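Trainee: I would like to learn how to read a few features of a protein model. Could we go through them one at a time?

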Amino acid sequence: MNSILRITLAALAVGCALPSLPAQYAPPPPAKPFAGFANERLRAENVYMNAWDVGLNHRLRFEDKLGAGATDAGSNWDFSKRPVDDNNNSYLISRLMPRVAYTGKRFAFTVEGRSSYSWDDERYNATAAGKGLTDRDAGLDLHQAFVFIGNHKEFPLSLKIGRQELVYGDQRLVGHFRWGNNARTFDAVKVRWQNPVFGVDLFTGGVVYTDSNNFNRANAQDHFSGAYFNFPTLLKNEITEAYLLARNVERGIVTDNWTGVAAPFRFPAPQDVYTAGLRVKSKPNAYDPFDYGVELMYQFGNRTAVFPATAPAAALAAPRLDHHAFAAVLQGGHTWTASALQPRLALIYSFGSGDKSATDSRSGTFQNLFPTNHLFYGYMDLNSLQNLHDVRLAYTLKPTNTTTIALEGHSHFLNRTTDFWYNVAGVPRNVTTAAVGSGSSYRINPGYGKHVGNELDLVTAWTFRPYAQIEAAACRYFRGDYIRQSLAAVGSKDASYFYVQLTLNL
């Protein structure tokens with residue numbers, strides 16, 4: 001990308017959107033609610049059309065990654081200085097999502113399509129699974145198609161069945177990942193019981209895989225189920241939630257046809273992993289300018305050490321490991337509510353456990369399931385909540401009702417150097433041809449330092465029309481001892497990331 005465009009992007013990237021939840025990214029809403037051009041016209045002509053939602057969401061994003069992330073060389077060569085390791089990549093992605101929905105008194109349905117394309121992405125490989133393009137899906141596919149039966153104002157029980165998004169908590173474990181060009185959905189059945197003092201979602205189904213050669217569908221051997229509880233009146237000033245999630249993947253999944261599914265979203269590890277958690281967060285304005293949040297997660301069960309690049313024969317023969325892992329999130333913030341700019345300072349600590357030994361019969365690496373990781377561990381998307389300490393400081397401003405700015409800093413450490421450094425998709429950076437401790441690339445190197453590096457993010461968003469929003473960012477990653485030592489033999493460099501995004505709700 002030429003220098004003029006980089007300068008333009010850097011000039012645009014002067015902050016990030018003020019979060020609707022503490023320390024969580026969310027772009028600013030329009031000054032007045034806007035239903036979309038088609039809806040406004042239809043509802044003006046016929047009052048009964050208020051029950052319908054006919055619209056189109058279009059998003060266009062240009063990304064420029066220099067030195068790390070989503071590159072031809074793959075995450076195994078992030079930060080490498082060797083010319084042969086092409087870890088620079090600039091590309092354009094587009095997502096078109098048309099929808100038709102209806103909401104009645106006791107019945108509702110939604111049908112939403114998705115067409116995702118990418119241009120000039122250097123990950124393209126005609127012979128690779130899914131052509132190596134994680135941000136592209138051929139033609140128009142089905143994103144959501146569900147029916148909802150019930151009315152919680154009249155009766156506490158409801159049913160939702162079909163292809164649907166699942167979003168819980170802050171999306172650290174279960175989210176729709178709408179940042180990705182191919183957002184996440186599930187083919188699932190969900191029953192909800194909700195009254196003023198107690199609620200629970202009971203669901204079961206499977207994640208939908210993006211298959212560029214076929215109609216996107218869930219895999220019958222990959223099961224995801226859960227019970228997510230909420231207690232509106234248990235604590236006066238807090239949102240209180242508890243959950244138990246289960247992912248059960250049969251071993252035979254590794255021999256299914258995965259030719260249309262790009263890594264890292266190919267066959268998952270055979271596993272029976274259960275996650276129990278508790279989430280407590282202060283309600284808005286409950287403690288005047290202060291807020292806080294705590295989330296504790298514990299995993300148990302068994303899993304195999306299988307990843308997308310594992311050969312099917314090896315995946316079938318891999319032993320089941322006794323799995324025990326945990327994670328925690330602690331956060332606190334202060335908002336200067338008397339100021340017109342509404343400045344807010346937040347400190348967030350996120351922890352995901354790592355494995356003590358790769359040669360024993362136990363697994364200690366936290367599995368963060370189906371998250372929207374882009375929201376939490378740095379906008380450069382280099383980490384997941386696995387074998388990680390992330391210390392995050394976020395300062396946000398709101399100059400106008402439709403503009404938000406923020407500066408964020410992260411410091412990343414491995415929990416254990418007896419485990420890998422995992423990328424944003426939960427795949428370990430691992431070059432098996434590099435000898436342990438040789439500095440030739442990433443793998444398990446117990447003698448290396450734990451400090452991965454520091455990330456500085458500057459992001460901004462502006463809703464300049466009721467239907468249009470522009471967002472941009474400039475980010476820089478400063479490598480730490482772990483990166484320097486891992487690439488000592490080949491040389492390393494810091495990395496940068498720029499993006500500019502236009503979103504239209506028509």
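Mentor: Start with burial. This is a predicted model. A residue is called buried when its relative accessible area is under 20%. In this model, Asp121 and Arg123 are both buried.

Trainee: What does Asp121 form with Arg123?

Mentor: Asp121 and Arg123 form a salt bridge, and their closest N and O atoms are 2.6 Å apart.

Trainee: How many salt bridges does a search of the whole structure find?

Mentor: The search finds 24 salt bridges. Another of them joins Arg178 to Glu165, with the closest N and O atoms 2.8 Å apart. Arg178 and Glu165 both sit in the loop between strand E5 (157-164) and strand E6 (186-194), so the pair ties together parts that are 13 residues apart in sequence.

Trainee: Is Glu165 buried or exposed?

Mentor: Glu165 counts as buried because its relative accessibility is 15%, under the 20% limit. Arg178 has a relative accessible area of 23% and is therefore partly exposed.

Trainee: Which residue forms a salt bridge with Arg41?

Mentor: Glu45 does, with the closest N and O atoms 3.4 Å apart. Both residues belong to helix H2 (residues 37-45), where they are four residues apart, about one turn of the helix. Exposed means over 50% relative accessible area. Arg41, at 60%, is therefore exposed, and Glu45 counts as exposed because its value is 58%.

Trainee: Which residues are linked in a network of salt bridges?

Mentor: Asp170, Glu241, Arg279 and Lys281 are linked in this way.

Trainee: Next, pockets. What volume does the second largest pocket have?

Mentor: Its volume is about 930 Å³. A lining of 36 residues surrounds this pocket, and those nearest its centre are Pro27, Asn57, Arg178, Gln469 and Thr503. Strands E1 (52-66), E2 (88-103), E19 (468-479) and E20 (495-505) each supply at least two of the lining residues.

Trainee: Which residues form a nonpolar patch on the surface?

Mentor: Among them are Leu330, Trp336, Tyr349, Leu456 and Phe478, and the patch as a whole has about 950 Å² of accessible area. The elements giving two or more residues to this patch are strand E14 (344-352) and strand E16 (388-400).

Trainee: Where is Leu456 found?

Mentor: Leu456 is in strand E18 (residues 451-465). Leu456 counts as partly exposed because its relative accessibility is 40%.

Technical notes. Residues are numbered from 1 along each chain as its sequence is written. This is a predicted model: local features need pLDDT of at least 70, side-chain atom pairs count only at pLDDT 80 or more; totals for chains, interfaces and linings use all residues. Side-chain values use heavy atoms; hydrogens and water are left out. Patches are made of residues with over 30% relative accessible area and no salt bridge: like charges are joined within 9 Å, nonpolar side chains (Val, Leu, Ile, Met, Phe, Trp, Tyr) within 5 Å. Accessible areas come from the Shrake-Rupley method with a 1.4 Å probe; for residues, only the protein chains shown count as cover. A salt bridge is a side-chain nitrogen of Lys or Arg within 4 Å of a carboxyl oxygen of Asp or Glu. Buried means under 20% relative accessible area, exposed over 50%, partly exposed in between (1.4 Å probe, protein chains only). On a 1 Å grid over the protein atoms alone, a cavity is a set of points where a 1.4 Å probe fits but cannot get out, and a pocket is an open set with protein on both sides within 12 Å along at least five of seven lines; lining residues have an atom within 4 Å of a point. Grid points are joined across faces, edges and corners, and a volume is the space filled by probe spheres set on the points.
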